[in-house]
Amino acid sequence: MKLLALESSCDETAAAVVEDGERVLSDVVSSQVALHRPYGGVVPELASRAHIRQIVPVVAAALDEAGATLDGIDALAVTRGPGLVGALLVGVQTAKAIAFARRLPLVGVNHLEGHLSAIFLRDRDEPAHDVPAFPHLGLLVSGGHSALVVCRAPGDYALLGSTRDDAAGEAFDKVAKMLGLGYPGGATIDRLARTGDARAVRLPRPMRGRGLDFSFSGLKTAVAAHLAAHGVPSGAALADLCASFQHVVVEQLLRKTVAALEQTGLRELQVAGGVAANSGLREAFARECERRGVRLHVPPLRRCTDNAAMIAAAGYHRLRRGERADLSLNATATLPLGT
Ligand code: KG4
Ligand code: ZN
């Protein structure tokens with residue numbers, strides 16, 4: 001089954017053609033990062049307008065790259081939430097229009113479920129790779145979400161813990177902004193941290209012994225207090241602060257994930273979402289999982305951040321279960337995982 005999937009929940013306009021929920025024939029992402037950078041964050045109104053400009057060319061490029069036309073597409077999947085409503089509506093309306101015009105089945109997909117499905121994708125000519133078996137533990141860390149979930153089956157999740165305030169990626173972005181590193185700053189902090197000393201700046205380690213929920217806002221405040229006392233550093237001192245901050249974020253994520261592995265007895269783990277691109281996180285998790293004999297699965301970098309191929313992967317299973325959306329499909333800003 002060839003699926004055309006659309007994703008427009010935040011600041012990437014994306015379309016992909018995916019076969020049988022795993023073989024990626026095309027995966028086109030048009031980023032709006034440059035558009036939002038001067039404002040230090042995503043401006044919803046600008047995002048919606050940019051999606052409107054980009055969605056048709058992005059869909060055309062995805063079909064073209066897949067060597068397909070709409071005649072060869074069997075069904076459509078689209079992100080219906082969570083995200084910015086005005087941004088989501090562009091993808092939802094476009095998908096509905098194509099489905100209506102071509103009489104194709106349509107399914108709405110939860111963006112978070114998309115992130116947790118990215119690990120099952122492979123490139124067109126790539127042989128089938130080792131994917132997590134169900135049930136497994138999922139750590140989802142993105143710009144908008146931080147959650148620990150038991151992935152029981154495709155589309156079937158049990159939430160173990162989530163953030164009480166900022167998401168992990170949001171914490172990276174806010175600290176990057178304070179440091180004058182531009183938007184979004186997660187990848188910049190990651191790059192600078194590589195040459196820094198993680199023990200150089202003492203920062204609080206939040207949420208010790210507090211179940212499986214996360215918290216990052218106290219850490220952000222501690223960085224702000226450090227900057228107020230010492231000024232914004234540059235050079236080696238900046239690298240040290242980035243390394244220290246990143247270390248504490250990764251340490252909290254790892255500590256809670258280990259607790260969840262112990263609590264559930266699960267032996268396989270996937271880490272998904274934009275923050276899974278973080279090299280410090282990847283190294284720390286690889287080391288700890290190796291030590292514990294836990295099988296770790298992390299998608300390639302381009303599949304950690306927002307894309308439409310992951311929406312196709314999740315949509316495929318929804319379609320297989322007989323789920324269909326009609327033309328009343330709507331965008332929803334807050335949509336819990338599992339809905
Ligand atoms: O999953 P994603 O593309 O969008 C959401 O659904 O939120 O995640 C974007 C987030 C941003 O906060 C960005 O700063 C963060 O992922 N990010 C990183 C890295 N690359 C992207 N954070 C830390 N290290 C990275 N290398
Ligand atoms: Zn995302």
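Author: The model is predicted, and in it ligand 1 sits in the largest pocket. The shell comprises 20 residues, with Gly143, Asp173, Asp190, Gly274 and Asn278 the closest, and by class it has six nonpolar, eleven polar and three charged residues. Domain 1 (2-121 + 303-320) and domain 2 (136-298) each contribute at least three residues to this shell, while helices H4 (111-115), H5 (168-178) and H6 (186-193) each supply at least two.

Turning to individual contacts, an oxygen atom of ligand 1 lies 2.6 Å from a side-chain N or O atom of aspartate 173, an oxygen atom is 3.1 Å from a polar backbone atom of glycine 169, and a backbone N or O atom of glycine 274 is 3.0 Å from a ligand oxygen. Of the 550 Å² that ligand 1 exposes when taken alone, the protein buries 89%.

As for the backbone, most residues other than glycine have a negative phi, and most peptide bonds are trans. The loop between H5 and H6 holds proline 184, which is joined to tyrosine 183 by a cis peptide bond with omega about -15°. A cis bond also runs from phenylalanine 134 to proline 135, with omega near -5°, and proline 135 lies in the loop between strands E6 (122-123) and E7 (136-141). Finally, aspartate 20 has a positive phi of about 50°, and its place is the loop between strands E2 (12-19) and E3 (23-31).

Note on methods: Residues numbered from 1 in each chain as written. Chains lettered and ligands numbered in written order. Predicted model: local features only at pLDDT ≥ 70, side-chain atom pairs only at ≥ 80, totals over all residues. Heavy atoms only, no water. Near = heavy atom within 4 Å. Polar contact = N/O pair within 3.5 Å; in protein donor to acceptor, adjacent residues only side chain to side chain. Areas by Shrake-Rupley, 256 points an atom, 1.4 Å probe, with all protein chains shown as cover. 1 Å grid on protein atoms, 1.4 Å probe; cavity = no way out; pocket = protein on both sides within 12 Å on 5 of 7 lines; lining within 4 Å. Sits in = over half its atoms within 2 Å of the grid points. Helix = DSSP H or I, 4+ residues; strand = E, 2+ residues; numbered from the N terminus. Nonpolar A, V, L, I, M, F, W, Y, C, P; charged D, E, K, R; others polar. Domains from an automatic or database assignment.
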